[in-house]
Amino acid sequence: MNNDMEKRKPTLLKAQTVKDQATLSFKVDADILDFRGHFTHFPLLPGVTQIDWALHYAIRYLNTPKKFKGMEVIKFQEPILPNAEVTLDLNWDSDKQKLTFKYSSQQAQRLVTHSSGKMKLGG
């Protein structure tokens, strides 16, 4: 089985964790499976993939609970395109069992927010 056919995660460039916060930088490779079929002539990273990645990296870097209990707030502002370099900011509030995430990138002279949201996690 060819692993390239099953590529689901971006290329991680940098990861920094301080207490309940993590900042990850990665390249959203054009060959990620999730781009396929999500608009043939204008591929973009599906929102469900962005949520999945936020949860995946929160579990890995912030040791959050694995159980997804729903979205509270979510905003998709700018599409994430193939080969984009993006930053994912994660904040875990253990008292409220809430994970806040934000995808952003530097484009020319401005910081662009692609999406942001809050999800409830728990045991």
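I take buried as under 20% relative accessible area, exposed as over 50%, and partly exposed as in between (1.4 Å probe, protein chains only).

I am working on a predicted model, where local features need pLDDT of at least 70, side-chain atom pairs count only at pLDDT 80 or more, and totals for chains, interfaces and linings use all residues. Residues are numbered from 1 along each chain as its sequence is written, and side-chain values use heavy atoms, with hydrogens and water left out.

**Salt bridges.** I searched for a side-chain nitrogen of Lys or Arg within 4 Å of a carboxyl oxygen of Asp or Glu. The count comes to 5 salt bridges.

I looked at Lys98 first. Lys98 pairs with Glu72, with the closest N and O atoms 3.2 Å apart. This pair links distant parts of the chain: Lys98 sits in strand S5 (residues 98–107) and Glu72 in strand S3 (residues 67–76), 26 residues apart. I take strands (E, at least two residues) and helices (H or I, at least four) as DSSP runs, numbered from the N terminus. Lys98 is partly exposed because its relative accessible area is 21%. Glu72 is partly exposed too, at 41%.

Next I checked Lys7. Its side chain meets that of Asp31 in a salt bridge (3.4 Å, N to O). Lys7 lies in the segment before strand S1 (11–18) and Asp31 in the loop between S2 and H1, so the pair ties together parts that are 24 residues apart in sequence. Lys7 has a relative accessible area of 22%, and Asp31 has 40%.

Then came Lys9. Lys9 bridges to Asp52, with the closest N and O atoms 3.3 Å apart. Lys9 is in the segment before S1 and Asp52 is in helix H1, 43 residues apart.

**Asp34.** Is Asp34 buried or exposed? Asp34 is buried, because its relative accessible area is 13%. I found Asp34 in the loop between S2 and H1. Its side chain makes a polar contact with the side chain of Arg8 (2.8 Å). For that term I use N or O atoms within 3.5 Å; within protein, one must be able to donate a hydrogen and the other to accept it, and residues adjacent in sequence count only if both atoms are side-chain atoms.

**Aromatics.** I paired rings of Phe, Tyr and Trp (its six-membered ring) with centres within 6.5 Å; planes under 30 degrees apart count as stacked, over 60 as edge-to-face and the rest as tilted. The whole structure holds 5 aromatic pairs. Phe26, Trp53, Tyr57, Tyr61, Phe101 and Tyr103 form one cluster.
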